Amino acid sequence: MQTNSSPSLNACVFGASGGIGAAFVRRLHAEPDIARIYAGARSTIEAGPKVRPFSFDLSDEVSISEAAQKIGPPDLAIVTTGMLHSADVQPEKSLKMQTPEAYAAAFAVNTIGPALIGKHFLPQLPKDRRSIFAVLSARVGSISENRLGGWHAYRASKAALNMIIRNFAVEMARTHPQAIVVALHPGTVDTELSQPFQRGVAPEKLFTADYAAERMLQVLSELTPEDSGQLFAWDGARIPF
Ligand SMILES: NC(=O)c1ccc[n+]([C@@H]2O[C@H](COP(=O)([O-])OP(=O)(O)OC[C@H]3O[C@@H](n4cnc5c(N)ncnc54)[C@H](OP(=O)(O)O)[C@@H]3O)[C@@H](O)[C@H]2O)c1
């Protein structure tokens with residue numbers, strides 16, 4: 001990926017312990033123009049020659065602001081955290097299954113946490129060159145494409161994330177005209193998050209995390225500031241909000 005012509009770009013991956021996050025770290029490690037990859041997780045992850053682990057928790061804003069101070073301006077920041085199910089939360093199949101707890105959990109991880117990362121990292125993006133802030137959203141967060149229903153809290157938290165990305169893009173265009181702020185849909189990817197929902201997915205439509213990360217880095221490499229504020233799929237197609 002050519003993020004610009006400098007041989008010493010800094011990348012930052014939030015959620016490096018996750019399936020897709022770890023794959024981004026691996027793929028970025030192989031990129032010759034990337035000098036350092038700051039890899040954030042709430043657990044310990046392996047360092048590599050170019051990998052600088054750091055710890056943060058989405059529910060702890062201080063941990064995010066401290067990370068921003070430590071890391072400095074990233075040329076590429078990718079937020080790969082997210083939650084669809086947990087020990088206490090299962091995606092709703094009908095409106096009767098909704099609970100305040102599930103909404104609170106989904107919004108805390110999928111919406112508020114990434115918004116706080118933007119709060120502390122977007123102002124740090126370089127003003128004099130191209131930079132990228134990307135968050136992993138999901139196609140199911142598109143309101144206009146929703147024909148299936150269900151998964152109320154997850155869908156709503158990703159739709160809200162998409163709105164926040166549009167808002168951030170509008171604001172950043174005023175101060176950082178070369179910045180690109182986008183949401184990405186990775187496809188259906190074989191990770192812990194999708195594991196309970198993979199039945200019925202055709203094998204050729206269930207991607208490895210490495211394939212998804214490679215395709216998304218390719219998409220990012222081709223975006224321009226005019227693309228800022230939008231949601232793109234792994235194949236480069238724009239998904240309407
Ligand atoms: N897999 C798919 O098919 C698919 C499809 C569409 C969209 N997505 C989106 O892609 C993103 C990555 O998903 P994935 O499949 O890689 O899921 P995953 O393997 O379950 O990874 C989720 C990541 O989020 C982190 N996380 C959760 N809560 C956190 C918190 N409070 N603080 C810090 N980190 C936290 C997890 O950290 P721990 O390891 O500490 O739990 C983990 O690193 C998500 O936003 C997901 O919604 C995935």
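Guide: A residue counts as near a molecule if its C-beta atom, placed from the backbone, lies within 6 Å of that molecule. The model discussed here is a predicted one.

Visitor: Of the 28 residues around the ligand, which come nearest?
Guide: The shell around the ligand divides into 11 nonpolar, 14 polar and three charged residues. Of the 28 residues in that shell, the ones that come nearest to the ligand are G18, G19, G82, T191 and L193.

Visitor: Which element supplies the largest share of the shell around the ligand?
Guide: Two elements, α1 (19-29) and β7 (188-189), each supply at least two residues of the shell. The largest share amounts to three residues, and the element that provides them is α1.

Visitor: By class, which residues make up the contact of α1 with α5, and how many are charged?
Guide: On the α1 side the contact involves G19, I20, A22, A23, F24, R26 and R27, which meet A209, D210, A212, A213, E214 and L217 in α5. By class, this contact has eight nonpolar residues and one polar residue, while the charged residues number four.

Visitor: What is the orientation of α3 relative to α4?
Guide: The helices α3 (100-121) and α4 (152-175) pack at an angle of about 20°, with their axes 8 Å apart. Angles under 35 degrees count as roughly parallel, and α3 is therefore, relative to α4, roughly parallel.

Visitor: In the contact of α2 with α3, how many residues are nonpolar?
Guide: Helix α2 (residues 61-71) and α3 pack at an angle of about 35°, with their axes 9 Å apart. The contact is made by E61, I64, S65 and A68 of α2 together with L116, I117, H120 and F121 of α3. Two of the contact residues are polar and one is charged, and the number that are nonpolar is five.

Visitor: Leaving aside its neighbours within four places in sequence, with which residues is L122 in contact?
Guide: L122 lies in the loop between α3 and β5 (131-136) and counts as buried, because it has 20 C-beta neighbours inside 10 Å. Its C-alpha atom is separated by 7.7 Å from that of M172, although L122 and M172 are 50 residues apart along the chain. Once the neighbours within four places in sequence are left aside, the contacts of L122 are F133, F168 and M172.

Visitor: What is the phi of W151, a residue other than glycine?
Guide: W151 is found in the loop between β5 and α4, and W151 is buried because 22 other C-beta atoms lie within 10 Å. Most residues other than glycine have a negative phi. In W151, by contrast, phi has a positive value, near 50°.

How values were computed:
Residues are numbered from 1 along each chain as its sequence is written. This is a predicted model: local features need pLDDT of at least 70, side-chain atom pairs count only at pLDDT 80 or more; totals for chains, interfaces and linings use all residues. Helices (H or I, at least four residues) and strands (E, at least two) are DSSP runs, numbered from the N terminus. Ala, Val, Leu, Ile, Met, Phe, Trp, Tyr, Cys and Pro count as nonpolar, Asp, Glu, Lys and Arg as charged, and the others, Gly among them, as polar. A residue is buried if 20 or more other C-beta atoms lie within 10 Å of its own, exposed if 12 or fewer, and partly exposed in between; C-beta atoms are placed from the backbone. Two residues are in contact if their C-beta atoms, placed from the backbone, lie within 7 Å. Axes are lines fitted to C-alpha atoms, for helices over the stretch in contact, and angles run from 0 to 180 degrees between N-to-C directions. Angles under 35 degrees count as roughly parallel, over 145 as roughly antiparallel, 65 to 115 as roughly perpendicular and the rest as oblique.
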